[in-house]
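The structure is shown below.

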Amino acid sequence: MESDSVECVSVTEGLDEEEVTMPRHRLHKPLGAAAPLPPKGISPSTSVHELLECPVCTNAMYPPIHQCRNGHTLCSTCKLRVHNRCPTCRQELGDIRCLALEKVAESLELPCKYCTLGCPEIFPYYSKLKHEAQCNFRPYNCPYAGSECSVVGDIPFLVAHLRDDHRVDMHTGCTFNHRYVKSNPREVENATWMLTVFYCFGHYFCLHFEAFQLGMAPVYMAFLRFMGDENEARKFNYSLEVGANGRKLIWEGTPRSIRDSHRKVRDSHDGLIIQRNMALFFSGGDRKELKLRVTGRIWKEQPNPDPGVCIPNLCTRIPS
Ligand SMILES: [Zn+2]
Ligand SMILES: [Zn+2]
Ligand SMILES: [Zn+2]
Ligand SMILES: [Zn+2]
């Protein structure tokens with residue numbers, strides 16, 4: 001019976017042994033991004049790509065790579081789906097790994113999948129996966145909080161998207177003074193939120209204000225997110241103040257990166273939280289209307305501030 005000789009053979013035809021056992025080489029284009037492929041057997045890198053292409057889903061295969069007893073290979077995702085039947089020859093699949101092909105896959109160095117967004121890094125497969133999860137060039141999710149928006153992109157793109165598609169208010173400057181008015185403060189739903197974008201120090205910041213239910217109690221929360229990465233966000237500080245009638249709440253913190261979802265920031269309570277009773281007290285009047293004035297400023301942690309950089313005590317202009 002054939003099954004005694006388990007060979008590692010790809011279903012791709014036209015490969016000779018030399019190509020399968022090729023030494024390490026570098027690929028300069030991401031999988032699938034190449035121009036029309038040259039005929040098989042001409043470019044070694046093309047052949048290895050084809051060899052590593054899962055015949056079922058056509059994705060690139062990485063360890064564990066499986067094969068049937070006739071040598072037909074398939075990826076681990078597809079193996080779970082095929083109910084122990086080889087999709088190529090319909091024989092029972094068993095649990096045979098294709099170690100030689102796994103070694104080839106591991107030895108390939110591949111560009112970061114965000115290379116078209118500017119990332120120049122090239123890695124062996126496993127380091128590449130690790131890198132991609134943290135790559136600074138990976139696109140950001142839309143920071144808008146009110147709906148599940150699936151738009152992704154770089155910061156300039158998202159700023160334009162917020163302005164044009166979500167109609168978000170845009171402001172320039174490092175201080176702000178916002179009034180949030182709601183006519184029926186008893187209705188506190190998760191859907192009550194506001195977003196304002198500030199531009200200062202050459203960066204964009206998202207000021208979120210929202211009402212939500214914390215346990216049984218409705219609360220209001222304001223916080224700032226930085227449109228950029230965590231390491232940049234840490235260079236900034238911000239403060240928020242809300243008050244009236246001789247009482248005041250002050251929050252001081254570091255903006256969170258928009259890499260952290262709006263919900264994650266909210267759930268960690270990393271911002272100015274106003275209990276409803278206090279919010280109604282600050283609103284004055286008959287408690288039928290919520291009127292909160294939130295003032296704040298953003299500044300940069302710098303030992304020697306440049307001229308023109310916002311120095312908190314000098315540029316706080318809060319109109320009354
Ligand atoms: Zn597959
Ligand atoms: Zn088979
Ligand atoms: Zn990268
Ligand atoms: Zn959006």
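What is the order of the strands in the open sheet of three strands?

## Sheet and packed helix

The order is E2-E1-E3, with antiparallel pairing; strands pair if DSSP finds at least two bridges between them. Strand E2 (73–75) and strand E3 (96–97) are the edge strands, each pairing on one side only. Strand E1 (residues 65–67) pairs with E2 over three bridges, and Gln 67 has Thr 73 as its bridge partner in E2.

Helix H4 (residues 99–107) packs on this sheet and touches E1, E2 and E3. Its direction makes about 155° with that of E1 (axes are lines fitted to C-alpha atoms, for helices over the stretch in contact; angles run from 0 to 180 degrees between N-to-C directions).

## Basis of the model

The model is predicted: local features need pLDDT of at least 70 and side-chain atom pairs count only at pLDDT 80 or more, whereas totals for chains, interfaces and linings use all residues. Residues are numbered from 1 along each chain as its sequence is written, with chains lettered from A and ligands numbered from 1 in the order in which they are written.

The protein chain has nine helices and 17 strands (DSSP runs of H or I, at least four residues, and of E, at least two, numbered from the N terminus).

## Nonpolar cores

The largest nonpolar core has 41 residues; such a core joins buried Ala, Val, Leu, Ile, Met, Phe, Trp, Tyr and Cys residues through C-beta atoms within 7 Å. A residue is buried if 20 or more other C-beta atoms, placed from the backbone, lie within 10 Å of its own. Phe 205, Leu 207, Ala 222, Leu 272 and Ile 298 have the most contacts inside this core. Apart from it lies another core of 16 residues, including Leu 52 and Cys 75.

Technical notes: A residue is buried if 20 or more other C-beta atoms lie within 10 Å of its own, exposed if 12 or fewer, and partly exposed in between; C-beta atoms are placed from the backbone. Two residues are in contact if their C-beta atoms, placed from the backbone, lie within 7 Å.
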